[in-house]
Amino acid sequence: MLSTAPATTVPSPGGPPGDLDEILSRVIGSTVAPAAAAVDRDGAFPAEGVAALGRAGLLGLLSSPEAGGRGASLATAAHVIERLAGTCSSTAMVVLMHYAATAVVEAHGGEEVRRAVAQGRHLTTLAFSEAGSRSHFWAPLGTASAQGGELVRLDAEKSWVTAAGHADSYVWSSRPLAAEGPMTLWLVPGDAPGLTVRGAFDGFGLRGNASSPVTAEAVTVPRAAMLGADAQGMDIALATALPHFLVLNSAFCLGLCEALLEQAGAHLSRARLGHLDQTLADQAQVRDAYARLRTRADSARTFLADTLAALQTGREDAMLRVLQVKAVAAETAAEVADGVMRLCGGAAFRRGLGVERRFRDALAARVMAPTTQALYDFTGRASLGLPLFGGTA
């Protein structure tokens, strides 16, 4: 859980763009970067880094000025996630999920929790995926049942919850309480009796993001914990959580790509072929391979920029771009990571260069719900005029 220490003063939303980078650079340099290797090695939740981001006002980045937040744009949040991902992917993923959940809380939560988030005192996250429906987050099996009066009982087996056991609240999905529809959303306190984190996360990558299963057994919340109307959870997710998650996940992938390309460039310019008295960068074949990876990453960046522009201007193809952008970026990150590993050879395979850590982290996005496969199906459905969630993905 986060410290309740007050956030430091954050410049107003109308401040110069450089103020955000200055704040972010300070937190990254003092706290996030020094801990990144240990977070990965030990599979440790980056509590100090997240708390430092909260004290700096960056957890309240998307909160409205009325609630005490910065009121920043999605593009600004994407910039923050990209920079964090290039330094510590686990920290970036925790903040990414916090921002996606914040979008729902800001739109439908109560004033008290909105102010706590805005002040950097409250870490929230999404709890959508379930053991029974796996990555099909749009089909929750968890239930909500009236307990008389104004109380509701929640039961579910959530399969992947980032910051499990560390978040102050979960934006939680269930089947509707009474109305007809696919799902309802709730704000569930992280310390609610009946919530159990089922074991520590021990993953191939993103080792510190604490993405563990969470079980709810007779968890009781007030009916007022409902976010939006009963059975309207899917509409809320599509309007708030999903666009934030997909766009920010794309920025996350780009942050990894940039870090990998920077590490590769430095290695290729430094490593020498003694018998030829040349660096690896002097080899035409190496430059060709590096250029292809650079171009691939730049193409994904252009796609992300276009997606943000489509959302900002309300373009007709905005939702299509949102459905496409994570698939584009996730596959790009995997390709760039693999290419950099090949280019740098044995030096990249060892831990010292830092490539292998980012290689492992880069493979997560393509299997994170909604997966690349599901997004391609959604894109096909949207392009062909079919219902988005008809049938299976």
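**View 1. The packing of helix α6 against helix α8 in the predicted model.** In this predicted model, the axes of α6 and helix α8, the latter spanning residues 318-344, come within 8 Å and cross at roughly 20 degrees. Because angles under 35 degrees count as roughly parallel, α6 is described as roughly parallel to α8. The crossing of these two helices, α6 and α8, is left-handed. Sorted by type, the residues that make up the contact of α6 with α8 comprise 23 nonpolar, 4 polar and 1 charged.

**View 2. The crossing of helix α3 with helix α6.** Helix α3, which covers residues 74-87, has an axis that comes within 7 Å of the axis of α6, and the two cross at roughly 40 degrees, an arrangement that makes α3 oblique to α6. The crossing in which α3 passes α6 is right-handed. On the side of α3 the contact is made by Leu74, Ala77, Ala78, Ile81, Glu82, Ala85 and Gly86, while the residues contributed by α6 include Pro243, His244, Val247, Leu248, Ala251 and Phe252. By type, the residues of the contact of α3 with α6 divide into 13 nonpolar, 3 polar and 2 charged.

**View 3. The largest nonpolar core and Val171 within it.** The largest nonpolar core contains 123 residues, and those with the most contacts inside it are Tyr99, Val171, Trp172, Trp186 and Phe252. Helix α6, residues 233-270, supplies the largest share of this core, with 19 residues. When residues up to four places away in sequence are not counted, Val171 touches Ala101, Val104, Val105, Thr124, Thr125, Leu126, Ala127, Phe128, Leu185, Trp186, Leu187 and Leu227. In soluble globular proteins, nonpolar side chains tend to be buried together.

**View 4. Two buried residues, Thr240 and Leu59.** Thr240 is found in helix α6, and with a relative accessibility of 12% this residue counts as buried. Leaving aside neighbours within four places in sequence, Thr240 is in contact with Ala103, Val104 and Ala107. Leu59, by contrast, has its place in the loop between α2 (47-55) and α3, and is buried with a relative accessible area of 0%. Although Leu59 and Tyr99 are 40 residues apart in sequence, they are 7.6 Å apart in space, C-alpha to C-alpha, and Tyr99 is one of the residues with the most contacts inside the largest nonpolar core.

**View 5. Helix α5 and what covers its buried residues.** The buried residues of helix α5, which runs over residues 111-118, are Val113, Arg114, Ala116, Val117 and Ala118. What covers these buried residues of α5 includes α4 (89-108) and β5 (184-189). Just after α5, Gly120 takes a positive phi of about 75 degrees.

**View 6. Pro189 in strand β5.** Pro189 lies in strand β5, a strand that is included in what covers the buried residues of α5. At 36% relative accessibility, Pro189 counts as partly exposed. Not counting residues up to four places away in sequence, Pro189 touches Asp168, Ser169, Tyr170, Leu195 and Val221. The C-alpha atoms of Pro189 and Thr124 are separated by 9.1 Å, while the two residues are 65 residues apart along the chain; Thr124 is also among the residues that Val171 touches.

Notes:
Residues numbered from 1 in each chain as written. Predicted model: local features only at pLDDT ≥ 70, side-chain atom pairs only at ≥ 80, totals over all residues. Heavy atoms only, no water. Core = buried A, V, L, I, M, F, W, Y, C linked by side-chain atoms within 4.5 Å. Buried < 20%, exposed > 50% of the residue type's maximum accessible area, 1.4 Å probe, protein only. Helix = DSSP H or I, 4+ residues; strand = E, 2+ residues; numbered from the N terminus. Contact = heavy atoms within 4.5 Å. Axes fitted to C-alpha atoms, helices over the stretch in contact; angles between N-to-C directions. Parallel < 35°, antiparallel > 145°, perpendicular 65-115°, else oblique. Left-handed = near helix turned anticlockwise from the far one by under 90°. Nonpolar A, V, L, I, M, F, W, Y, C, P; charged D, E, K, R; others polar.
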